[in-house]
Amino acid sequence: MANEEDDPVVQEIDVYLAKSLAEKLYLFQYPVRPASMTYDDIPHLSAKIKPKQQKVELEMAIDTLNPNYCRSKGEQIALNVDGACADETSTYSSKLMDKQTFCSSQTTSNTSRYAAALYRQGELHLTPLHGILQLRPSFSYLDKADAKHREREAANEAGDSSQDEAEDDVKQITVRFSRPESEQARQRRVQSYEFLQKKHAEEPWVHLHYYGLRDSRSEHERQYLLCPGSSGVENTELVKSPSEYLMMLMPPSQEEEKDKPVAPSNVLSMAQLRTLPLADQIKILMKNVKVMPFANLMSLLGPSIDSVAVLRGIQKVAMLVQGNWVVKSDILYPKDSSSPHSGVPADVLCRGRDFVMWKFTQSRWVVRKEVATVTKLCAEDVKDFLEHMAVVRINKGWEFILPYDGEFIKKHPDVVQRQHMLWTGIQAKLEKVYNLVKETMPKKPDAQSGPAGLVSGDQRIQVAKTKAQQNHALLERELQRRKEQLRAPAVPPGVRIKEEPVSEEGEEDDEQEAEEEEPMDTSPSGLHSKLANGLPPGRAAGTDSFNGHPPPGCASTPVARELRAFVEATFQRQFVLTLSELKRLFNLHLASLPPGHTLFSGISDRMLQDTVLAAGCKQILVPFPPQTAASPDEQKVFALWESGDMSDQHRQVLLEIFSKNYRVRRNMIQSRLTQECGEDLSKQEVDKVLKDCCVSYGGMWYLKGTVQS
């Protein structure tokens, strides 16, 4: 309040915005002259402008009668420029430098902050400036004098040359043919200084007529600087909030922002990192560090981050090796990428790196030659894999880079169990791809390779011999068991043999053995494992007998109830699913569950299919063409038969059509639905049924998941 009293408001002035000359008003800045002489007093001989370049040239007369004018110097300049003979092309027709040319240059490219103001009768009228041009003297007449001088010298040299020569000397001429100009060369030429100067020179001059300050035309044009109807109409464009008004007065400088140094694209500060979502933070850290203990990851993310959320996120981008987290191979080698050393595609690199990670789950040491022999990859790629997670020891091999983290293993047994299941699936895939002799993973997570001392070469050989003997014995027992199964009499498909368990412990062992026989791979690559073809041979028969009826004992366990809830919710949303797509959705569902959930106990393909049939779904036997590229899991199609809505009858008719046809035209579907459901079937109802169950491709309709583009 004290400041306001010291600086009272003296007068309030209304401000108006005039736009009549907004796109035509230029401000000319002339060189400094004595105060007694104004540019309006000097005769303007001519004026011309290039509108696109905003370039102006003015010719003004020079007062040759002024006592300060040097007449001899003016005559000398005119003689140098035009020579002794004066004609129509002469610059100075009076043989005296009696005029001067002024050329303009732009002072600023952004004139939105400048305006011309006219104060009249207590009102301030503002007109935005379209351009601000500085006029400077042009000395082009000196270039013309130099050209005249060179011409005179050339004429003198030609006159002094010998006249006795009958003909000129013969000169060799080299002919060159120009090649077609490439697009890159054309862009360079267009952006060159010479080309831009040529384009500027090609723009024609527009001649202007100059009106003095006291001319009637000038007075008429000056009226456009006033806002019309300013007395009764409120100018809403000047009604701004204080913040908007300050922004208009001092807008942020774009040039300063462009001049700021830009950090490399692969560099991210911790302050920038913590502005990202938690999942992105974990992915970026693991992608850069590659191997990290869980305690270090928590310290980088900050104390306020929930460890349960971090555990859930880390399992999506990394695998557990010796109690430490190693980034997944598909994060480092995304799809459609290739090796910088050998050009090998990403899927082959991921498979080779998974093999190295799996070897480190078995031992602290890995030999590079063994990895190269198994994976058939070049030495540079194998070296990259090992450098991600190990250090080389002379005459010993590659040792895992971090010590065994037993504390994490003991603290999070549920996470370790899930990772063990994932490694089991990866091991099965590697055995199939690389034709490895089957090696069993440790059954307990605590049995992972802990800190081990150095072993000699003889001890390694002895361990290898022992493993070979054990594997031989396992193979012999497996072969004997299969022979006994072949000799055993076949049980009819419709007969179930009920076996009474000896004890509760024996029943649990049988259950565990049955689940171990056909586990469903829940790893990210589980859809392509050796159990990805649905039901095993010999169990496929009798599947249809469960249509609409739950399998015996299926709904009595928490695992079965959780699985039933997932299946029912999934089919209520999608209505038609192939077994391959259902397994993919189930894997995604598993990834979203907290560690230790009951569904991590192992779900077989058979259990999943039985649950689908028990949830009111039916298997649609789509007649795929013989040349189809669909996998066995993609050929198993399940559909929700009864959902309880008004479209159940229409959907059942549609599914019966596809049980006899692989692809169908819309008119056939329309006629069949009309025949079965009546004539009052609307187009919207048909569209809803098609949207629920089908996809369109090439003018034909297919069940979801069955079209092969």
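In this predicted model, strands β3 (residues 44-50) and β4 (residues 55-61) run antiparallel and are joined by 6 bridges. Across this pairing, H44 sits opposite M60 in β4. The hairpin that β3 and β4 make has 4 residues between the strands, and Q54 takes a positive phi there, near 55 degrees.

Strand β3 also pairs with β9 (residues 206-208), again in an antiparallel way, through 3 bridges. Two facing pairs can be picked out here: A47 stands opposite L208 in β9, and K48 stands opposite H207 in β9. As a general point, side chains in a regular strand alternate between the two faces of the sheet.

Stepping back, β3, β4 and β9 belong to an open sheet of 6 strands, which reads β2-β8-β5-β4-β3-β9 and has mixed pairing. The edges are taken by β2 (26-29) and β9; each has a single partner strand, so one side of each is left without a neighbour in the sheet. From one strand to the next, the twist averages 25 degrees.

K19 and L226 are 207 residues apart in sequence, yet their C-alpha atoms are 8.8 Å apart in space.

Turning to the helices, two packed helices are described by the angle between their axes and the distance between the axes. For helix α11 (residues 294-301) and helix α12 (residues 307-317), the axes come within 11 Å and cross at roughly 115 degrees. The crossing of α11 past α12 is right-handed. On the α11 side the contact involves F294, L297, M298 and L301, which meet S307, V310, L311 and I314 in α12.

Most residues other than glycine have a negative phi. Q322, though, has a positive phi near 55 degrees, and its place is the loop between β11 (318-321) and β12 (324-327). K376 likewise has a positive value, near 60 degrees, and lies in the loop between α15 (368-375) and α16 (379-389). Is each of these residues buried or exposed? Q322 has 0% relative accessibility and therefore counts as buried, the limit for that class being under 20%. K376, by contrast, is exposed, because its relative accessible area is 66%, and over 50% is what that class calls for.

How values were computed
Residues are numbered from 1 along each chain as its sequence is written. This is a predicted model: local features need pLDDT of at least 70, side-chain atom pairs count only at pLDDT 80 or more; totals for chains, interfaces and linings use all residues. Side-chain values use heavy atoms; hydrogens and water are left out. Buried means under 20% relative accessible area, exposed over 50%, partly exposed in between (1.4 Å probe, protein chains only). Two strands pair if DSSP finds at least two bridges between them. Axes are lines fitted to C-alpha atoms, for helices over the stretch in contact, and angles run from 0 to 180 degrees between N-to-C directions. A crossing is left-handed if the near helix is turned anticlockwise from the far one by less than a right angle, and right-handed if clockwise. Contact means heavy atoms within 4.5 Å.
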